[in-house]
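Q: Hi, could you walk me through this structure? I'd like to go piece by piece.

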Amino acid sequence: MKEKGLLIVLSGPSGVGKGTVRKAIFSREDVKFDYSISMTTRKPREGEVDGVDYFFKSREEFEQLIQEGKLLEYAEFVGNYYGTPVDYVRETLDAGTDIFLEIEVEGARQVREKFPEGLFIFLAPPSLSELHSRIIGRGTETDEVIRGRMEQARKEIDMMDLYDYVVENDEVERACSRIQSIVEAEHCRRERVQHRYQIMLELEGEQ
Ligand SMILES: Nc1ncnc2c1ncn2[C@@H]1O[C@H](COP(=O)(O)OP(=O)(O)OP(=O)(O)O)[C@@H](O)[C@H]1O
Ligand SMILES: Nc1nc2c(ncn2[C@@H]2O[C@H](COP(=O)(O)O)[C@@H](O)[C@H]2O)c(=O)[nH]1
């Protein structure tokens, strides 16, 4: 039977650099995993493209998707819905390809319940003041939204111990390399477990 792909979840507070790090990882030539494009009811930012950055939906459309069980997880984050289409994730994993989700903390908690065998990585800021500077520096949110996201960030940072790994995003390329190393190490660990299991089966067969 074909081995399933690895589900990789990158989470962390808004503005820490998840999107920046994810794009930098996917621009590397040796990357073999796929990216799950999320659904959202947020309005597109300048330059964002439907079907590339997100699938942009109305609230009615999003609620319909929830009703139909089309989302692996979803959360309402500072006034908008965000969610992961379940079919694409399952098909990719079944095809033996790793899939990468970049989602907020409540969604990550839901994914953990459904896929405890996934790899959960928390991207942490060097400090709260640096997080604040980054989110302001991006220049995409109003002051009110920034306040909401910073408030949320304090709660999210409190949950980082629930993750398999915490990676500091001090410098983008360094954070990418750390994440890639973690994924490689996880693959090696799984191969060892699988190998051990096969040997145990052989031993049992001999008895
Ligand atoms: N290591 C870094 N050092 C300095 N600035 C960074 C670093 N990583 C990201 N940034 C900057 O921080 C800002 C926020 O980054 P980004 O949009 O990737 O965050 P995010 O976690 O994806 O945010 P959100 O969750 O709101 O989508 C951007 O302006 C980005 O250029
Ligand atoms: N629970 C989910 N969270 C998601 C998903 N896709 C993105 N996100 C997170 O939402 C916030 C805000 O994103 P922004 O693009 O408006 O800045 C951020 O933390 C994203 O990581 C998802 O499918 N599910």
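Q: Which residues in α5 meet which residues in α6?
A: Leu131, His132, Ile135 and Ile136 in α5 meet Ile146, Arg149, Met150 and Ala153 in α6, where two residues are in contact if their C-beta atoms, placed from the backbone, lie within 7 Å. Helices here are DSSP runs of H or I with at least four residues, strands are runs of E with at least two, and both are numbered from the N terminus. Before going on, please note that this is a predicted model, in which local features need pLDDT of at least 70, side-chain atom pairs count only at pLDDT 80 or more, and totals for chains, interfaces and linings use all residues. Residues are numbered from 1 along each chain as its sequence is written, while chains are lettered from A and ligands numbered from 1 in the order in which they are written.

Q: What classes do the residues of that α5 and α6 contact fall into?
A: The contact of α5 with α6 divides into 6 nonpolar, 1 polar and 1 charged residues. Ala, Val, Leu, Ile, Met, Phe, Trp, Tyr, Cys and Pro count as nonpolar, Asp, Glu, Lys and Arg as charged, and the others, Gly among them, as polar.

Q: And at what angle do α5 and α6 pack?
A: The angle is about 150°, and the axes of α5 and α6 (residues 143–157) are 11 Å apart. Axes are lines fitted to C-alpha atoms, for helices over the stretch in contact, and angles run from 0 to 180 degrees between N-to-C directions. The two helices are therefore roughly antiparallel, given that angles under 35 degrees count as roughly parallel, over 145 as roughly antiparallel, 65 to 115 as roughly perpendicular and the rest as oblique.

Q: How do α1 and α7 pack, then?
A: Helix α1 (residues 18–26) meets helix α7 (residues 172–206) at an angle of about 70°, with the axes 9 Å apart. That makes α1 roughly perpendicular to α7. On the α1 side the contact has Thr20, Val21, Ala24 and Ile25, and the α7 residues include Val172 and Ile179.

Q: Changing topic, which residues are closest to ligand 1?
A: Ser14, Gly17, Gly19, Thr20 and Arg134 are the closest of the 13 residues that surround ligand 1, a residue being near if its C-beta atom, placed from the backbone, lies within 6 Å. Helices α1 and α5 (128–138) each supply at least two residues of this shell, which has 2 nonpolar, 7 polar and 4 charged residues.

Q: And what surrounds ligand 2?
A: Ligand 2 is surrounded by 14 residues, and the closest are Ser38, Tyr82, Ile103, Glu104 and Gly107. The elements that give two or more residues to this shell are β5 (71–77) and β6 (80–85).

Q: In what order do the strands of the sheet come?
A: The order is β4-β3-β6-β5, in an open sheet of 4 strands with mixed pairing, where two strands pair if DSSP finds at least two bridges between them. Strands β4 (55–56) and β5 stand at the edges with a single partner strand each, so one side of each is left without a neighbour in the sheet.

Q: How many bridges join β6 to its partners β5 and β3?
A: Strands β5 and β6 run antiparallel and are joined by 6 bridges, while 2 bridges join β3 (residues 39–40) to β6, also antiparallel. In β6, Tyr82 is the bridge partner of Thr40, and Phe77 stands opposite Asn80.
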